[in-house]
Amino acid sequence: MTPPAETLTAERILEATEEVLRRHGPAKATVVDVARALGVSHGSVYRHFRTKAALREAVTKRWLDRTAQRLAGIVDSGGSPEERLRAWLAALFEAKRHKAGDDPELFATYTVLTDEMEGTVVGEHIADLTGQLTRIITAGAGSGTFSVSDPAAAARAVFQATGRFHDPCYAREWIRPGVDEEFTAVVDLLVRGLSSPSR
């Protein structure tokens, strides 16, 4: 039985799309498959998302936003800027590692989708994350913990320098023995580089 139109929400469509992507992969998943999973016509899905590309973009954004929302809580949490920076970088690494390890099929699917959307949804996600880092580093500069004249540039540099621990192309390395020690060594080096000379 088809559910009433008012119960078909964008969120329900995105949940179903994620399941369809998990089952079929990005190359074979269709809007018809999503509609079938929901028990509605594909026209009902198109009323919420005008094109297949729009649906794929929305489901990818939702997946990326989960990480950004988790990290946002660290930005304004208690603790020194250094503690928050370390916690934020560790949480980013852990979130990406869990996504890759807990659901490898879906992680592989989203890796394909994010490659397709470089510059749109992915660009916004990176801007969001570097914006969060900028806020932490700005707080550190204001308190004298960090010695940086341009917190936004420093945030971009930190993000790029830690790419091996959050860029999906390195996912296979995240389970190697010693990777946690390597992560800690990189973060220690970055914190020393940001720190005021007097510290």
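Modeller: This is a predicted model. Its largest cavity is lined by Thr17, Leu21, Ala29, Thr30, Val31, Val34, Lys52, Leu55 and Arg56. Helix 1 (10-28), helix 2 (31-38) and helix 4 (52-75) are the elements that give two or more residues to that lining.

Biologist: What makes a space a cavity and not a pocket?

Modeller: A 1.4 Å probe fits in a cavity but cannot get out, whereas a pocket is open. The search of the whole structure finds one cavity of 30 Å³ or more. About 60 Å³ of space lies in the largest cavity.

Biologist: Which helix gives the most to the lining of the largest cavity?

Modeller: Helix 4 does, with three residues. By class, the lining of the largest cavity has five nonpolar, two polar and two charged residues.

Biologist: What is the volume of the largest pocket, and how many residues line it?

Modeller: The largest pocket has a volume of about 390 Å³. Its lining has 20 residues, and those nearest the centre are Val122, Ile126, His166, Asp167 and Pro168. Two or more lining residues come from each of helix 4, helix 6 (104-116), helix 7 (121-143) and helix 8 (151-161). Helix 6 provides the largest share, five residues. Sorted by class, the lining of the largest pocket holds ten nonpolar, six polar and four charged residues.

Biologist: What can be said of the second largest pocket?

Modeller: The second largest pocket has a volume of about 230 Å³. Of its 13 lining residues, Ala100, Phe107, Pro168, Ala171 and Arg172 are the closest to its centre. Helix 5 (81-102) and helix 6 each supply at least two residues of this lining, and helix 6 gives the most, with four. The classes here are nine nonpolar, two polar and two charged residues.

Biologist: Which residues of helix 8 are buried, and what makes a residue buried?

Modeller: Pro151, Ala154, Ala155, Val158 and Phe159 are buried in helix 8. The word applies to residues under 20% relative accessible area.

Biologist: Why do you say that the buried residues of helix 8 line one face?

Modeller: Seen down the axis of helix 8, the buried residues fall within an arc of 135°, so they line one face of the helix. An α-helix has 3.6 residues a turn, so residues three or four places apart point the same way. The buried residues of helix 8 pack against helix 5, helix 7 and helix 9 (179-194).

Biologist: Why is Arg47 called exposed?

Modeller: The cut-off for exposed is over 50% relative accessible area. Arg47 has a relative accessible area of 65%, so Arg47 is exposed. Arg47 lies in helix 3 (residues 42-48). Between the C-alpha atoms of Arg47 and Ala10 there are 9.6 Å, while the two residues are 37 apart in sequence.

Biologist: Why is Val186 called partly exposed?

Modeller: Partly exposed covers what falls between buried, under 20%, and exposed, over 50%. Val186 has a relative accessible area of 25%, so Val186 is partly exposed. Val186 lies in helix 9. From Val186 to Thr111, 75 residues away along the chain, the C-alpha separation is 25 Å.

Biologist: What is Val186 in contact with, and how do you know that these are contacts?

Modeller: Leaving aside neighbours within four places in sequence, Val186 is in contact with Ala161, Thr162 and Phe165. A contact needs heavy atoms within 4.5 Å.

Biologist: How many helices and strands does the protein have?

Modeller: The protein has nine helices and zero strands. The C-alpha atoms fill a box of roughly 70 × 35 × 25 Å, taken along the principal axes.

Biologist: What share of the protein counts as buried?

Modeller: Of the 199 residues, 43% count as buried. The protein exposes about 10300 Å², and carbon and sulfur atoms supply 55% of it. Among contacts between residues at least 6 apart in sequence, 69% join residues at least 24 apart.

Terms used. Residues are numbered from 1 along each chain as its sequence is written. This is a predicted model: local features need pLDDT of at least 70, side-chain atom pairs count only at pLDDT 80 or more; totals for chains, interfaces and linings use all residues. Side-chain values use heavy atoms; hydrogens and water are left out. On a 1 Å grid over the protein atoms alone, a cavity is a set of points where a 1.4 Å probe fits but cannot get out, and a pocket is an open set with protein on both sides within 12 Å along at least five of seven lines; lining residues have an atom within 4 Å of a point. Grid points are joined across faces, edges and corners, and a volume is the space filled by probe spheres set on the points. Ala, Val, Leu, Ile, Met, Phe, Trp, Tyr, Cys and Pro count as nonpolar, Asp, Glu, Lys and Arg as charged, and the others, Gly among them, as polar. Buried means under 20% relative accessible area, exposed over 50%, partly exposed in between (1.4 Å probe, protein chains only). The arc is that of the directions from the helix axis to the C-beta atoms. Accessible areas come from the Shrake-Rupley method with a 1.4 Å probe; for residues, only the protein chains shown count as cover.
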